[in-house]
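Here are my notes on the model, point by point. Please read them with the structure open.

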Amino acid sequence: MFKTILSRLGQGILVVFCLISITFFLVRMMPGDPLTDEKALPPHIIEKNKAYYHLDKPLPVQYLYYFKNLAQGDLGDSMSKDRPVVEIIGSSFPVSLILGISSMLIALAVGIPAGVIAALRKNSFIDYASMSIAMLGICIPAFVVGPLLAMYIASNVSFLKVAGWGGPFDWILPAITLGLTTAAYLARITRGGMLEVLNQDYIRTAKAKGLPTHRIITRHALRGGLIPAVAYVGPAFAALISGSFIVETIFQIPGLGQHFINGATSRDYNILQGVVFLYGVIIVIANLAADIALAMLNPRARESA
Amino acid sequence: MIRLLTSLSALALALLSFSCSEETPIVKATEEKIMIIGNSNEPAALDPQVVTGVLENNIIRALFEGHCVEDPKSDSDSQPGVAESWEANEDYTRWTFHLRKDAKWSDGKALTSEDFRFAHERILRPNFGAKYATMLYFLKNAKEYNENQLGYILCGLDENFPTSWNELKQINFRGDKNISVDSSANTGFASLSQADQQNWIAHHGLDNLKVEALQAIQKSPELVSWPEAIPAETRLLVIQRLLDHHTAGSPDLWNRAQVGVQTPDEHTVVYQLASTTPFLPHLTKHYTWFPVPKHTILAHGEIDQQHTRWTSPSSIVSNGPFKLTEWEFNHYIKTEKNPHYWDFDAVKLNGIEFHPITNPYTEARMFYNDQLHMTYTLPPEMIEYSREKYPDSLRQEPYLGVNFMRCNVTRNALKDKRVRQALAMSIDQQAIIEHLLKGGQLPATGLTPPLSGYPTLDVVKFNPDKARKLMTAAGFENPRDFPTINILTTDRDTSKRLSEAFQDMWKKHLGIDVTIAQREWKTYLDRVNRLDYDLVVGGWIGDYPDPTTFLDLWKKSNGNNNTGWSSKEYEELLKQASISETPEKRFQLLAEAEAVLLEEMPVLPTYWYTTNYLLHPSVKGWHPLLQNSHPYKFVDLETN
């Protein structure tokens, strides 16, 4: 087991390295650069500013500079906002973490029970209703759900604000908006997993032995039925805590997601590379965590690993 | 279970009752006299000599103050700021500002003329690389200093130099980028062949050569194609001066460049200008001209060092009506009344909060729900709704900016000015404003928006009949003969719909086919800069209330021209205007220049901007201003 984790970590580092390298060259292939401005800058000013970010040097040299700084924990300065990328991530990531965790909790609290109930009452009204709602949840994008929640719920409930990021009340609507899609996926995946398990012989055996239904479900069915859901939760959690441009702009949240988009549109190479790097690390860790959890749930996975 | 339910419902009740008693954020803020402003985005920085944008201006204007302050009601007047009084010489080439003696920085230190001089030197320092240094080019020798024109500064400005600058300036100091250089030249100057060395020198110009190249010239002066009039010993003297400068470690040349800023005493600043500048007091209201605290900046780094942390809330020292207290990245910026402000008693607000709300729909929702005193903007589709539901809040005010379409005159289809005129005449500006923009914009009958004292041109008119005649005269009687042209536009919604309107109008009135290419912002800018387009939607916002902010764009040398068009007649008129004796004569010459531009039509003016935004009725002392640069010190909040 320990060996597996180590090898997974090694793979993860390789993945992150490739990710940064590809990003590094891809962003520089986009037309324009950080200093392309609506008001054209005089050439000598462009030169001075490029020199500060080493953009005047050949690509391989820039690439080496980047890794040299990265090794020292320096992700460079943002080229559109006058501050270090590390500081920007430092202020944005905690926000996205809070939002990601609350939306994950919502997704788990809604998605898993809905999936389990739908599986137990297969082809019943509850099954059709919850799966239809889940389908809607997957199909309706956040930029529709978000404003609707803001307009119809926040405007009428006095302790909710239509946008802004102050106290825990302000987490509610964005977390619902963000968590809804995940909840919907989770419900469908859980239902599928549960249905497969419920048809297994050992469940039938348990039933035949006369175990009460709730014990069959909690002791035997869930253990196997949740495996697909757990595999999904890892990467989904990584996606949730790395922020969402749409939810952040709809609810005016100082999170991480907007830097992916703004970094690309403003050609802020450093911030884009910084957030991609962070996202890569999170994905690797989340996948690893999911693998460990799976191994605990599923003896076969433990053995094959 | 039951116990849990009861405690939950008790909690919910408690929350509800707690929240019912709470007043809305705006009611509370109004009572505390804190103004909450939607400001569209996180500022790039808060250093007046670093930033270039409008949203930064909104914050910096609260924190800093220049010689003059915007008048709260009038665009053409200025109120005293750090300067108590100011006067110009007869032809407006020399301005004197008398600073008030009680002006202080927010740390209590006295603000003197040296802070202004320091600020101007800083933004112009070649190594500082300020993006908006051009705003100071009105000062004599400022451009030369900022561009590090060594030949001019070291030889031209030296009265003892044997040859005058008038002759020296024929020497290729600045380089000619049309001369191509061998791409393998990176290996080093010495390894180049003689012909390549000559090209290298001609390409870069003497000002930009390194020691190695200069020494080579010293040995064989024929590497430079010298003008005949320059005697051989002068040639060597020029090279010697440049070499001495480099071997001395290329020291900064502020003291030798004689930039037009003088500080005869602690409370006087005298500006010597490159040309007649009657609007200088307006310029001093722009943040690029603001003083910065020399003592604070030097405590955090060198004068020519960008990206130091002197503007962080714990370090920043400013001189405006407000001072920075909190700056949460991408979240909010809070300011409070500055106790050391010279006009402290006149400031009515206790503080201002700025929120970087990028999504205009979110911003409008926040305003509707009493979370903001003011929005940054208002999307066109929300104007009608706001007019109906919030009639006291909707603001639609003229703004110093123009929307236009650039023509790439190097394209065959658009070479003929009659074609460009025809395109302009078949744009129904009024229809675009009424049905598409809906923001009370004005049809642009000229390029420069209406400005007090300037005779606004009334040239561009919707006239499809005449447009068709012009097309016929240009040889396109049959529209099918006209090639399909393309409109380049950004992915912003308004520009896209605007392009579709043009496309439709030109099809309808001229019968020509137009396609549209939408490109993401930086790709769009890149293509405009490379002249890789036929027609492109664009606009310009004036930096100061004077026609030159719009007319200088179309000079051949201007980096924002991007049309391939230039005219000697036009530039001569602008030059005449810059040395004219009276402001009236100046405006007249500028109007003549603009008439030339509109006759040639390298740009098709579409409409003059308005700002559309929402302002809470509790905000008092807020009047329409062309530059939307409202002086916060006169603003008040009153509970109705």
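1. Start with a helix pair in chain A. This is a predicted model. Helix α6 (residues 142-154) of chain A packs against helix α7 (residues 169-198) of chain A at an angle of about 150 degrees. Their axes are 9 Å apart. Angles over 145 degrees count as roughly antiparallel, and α6(A) and α7(A) are therefore roughly antiparallel to each other. Their crossing is right-handed.

2. Which residues make that contact? From α6(A) come Ala142(A), Val145(A), Gly146(A), Leu149(A), Ala150(A), Ile153(A) and Ala154(A). They meet Leu173(A), Ile176(A), Thr177(A), Leu178(A) and Leu180(A) in α7(A). By class, the contact of α6(A) with α7(A) has 10 nonpolar residues, 2 polar and no charged.

3. α4(A) and helix α5 (residues 125-139) of chain A pack at about 145 degrees, and their axes lie 8 Å apart. The crossing of α4(A) and α5(A) is left-handed. On the α4(A) side are Ala114(A), Ile117(A) and Ala118(A). They meet Ile126(A), Asp127(A), Ser130(A), Met131(A) and Ala134(A) in α5(A). The residues of the contact of α4(A) with α5(A) divide into 6 nonpolar, 1 polar and 1 charged.

4. Next, the record for chain A. An unreviewed UniProt entry annotates "transmembrane region" at residues 12-30, 97-120, 132-154, 169-187, 229-251 and 271-297 of chain A. Residues 97-120 of chain A are 100% helix and 0% strand, and their end C-alpha atoms lie 34 Å apart.

5. Now the interface. In the model, 37 residues of chain A are in contact with 39 residues of chain B. On the chain A side, the elements that give two or more residues are α2 (43-52), α4 (85-120), α6 and α11 (245-251). Which of them gives the most? That is α2(A), with 5 residues. The side of chain A that touches chain B is made up of 16 nonpolar, 13 polar and 8 charged residues.

6. Chain B has an open sheet of 4 strands, in the order β4-β5-β7-β6, with antiparallel pairing. β4 (83-88) and β6 (261-265) of chain B each have a single partner strand, so they stand at the edges and one side of each has no neighbour in the sheet. On average, neighbouring strands of this sheet are turned by 20 degrees against each other, direction ignored.

7. Inside that sheet, look at one strand pair. Strand β5 (residues 94-99) and strand β7 (residues 268-272) of chain B pair in the antiparallel sense over 5 bridges. Phe97(B) stands opposite Val269(B) in β7(B). Helix α4 (residues 113-124) of chain B lies across β5, β6 and β7 of chain B. This helix runs at about 165 degrees to β6(B).

8. Last, the record for chain B. The unreviewed UniProt entry places "domain: Solute-binding protein family" at residues 79-137 and 239-562 of chain B. In the model, residues 79-137 of chain B are 20% helix and 24% strand, with end C-alpha atoms 24 Å apart. Residues 239-562 of chain B are 31% helix and 19% strand, and their end C-alpha atoms lie 36 Å apart.

How values were computed
Residues are numbered from 1 along each chain as its sequence is written. Chains are lettered from A and ligands numbered from 1 in the order in which they are written. This is a predicted model: local features need pLDDT of at least 70, side-chain atom pairs count only at pLDDT 80 or more; totals for chains, interfaces and linings use all residues. UniProt positions are given in the numbering used here, feature names are shortened, and annotations may be inferred rather than shown by experiment. Axes are lines fitted to C-alpha atoms, for helices over the stretch in contact, and angles run from 0 to 180 degrees between N-to-C directions. Angles under 35 degrees count as roughly parallel, over 145 as roughly antiparallel, 65 to 115 as roughly perpendicular and the rest as oblique. A crossing is left-handed if the near helix is turned anticlockwise from the far one by less than a right angle, and right-handed if clockwise. Two residues are in contact if their C-beta atoms, placed from the backbone, lie within 7 Å. Ala, Val, Leu, Ile, Met, Phe, Trp, Tyr, Cys and Pro count as nonpolar, Asp, Glu, Lys and Arg as charged, and the others, Gly among them, as polar. Two strands pair if DSSP finds at least two bridges between them.
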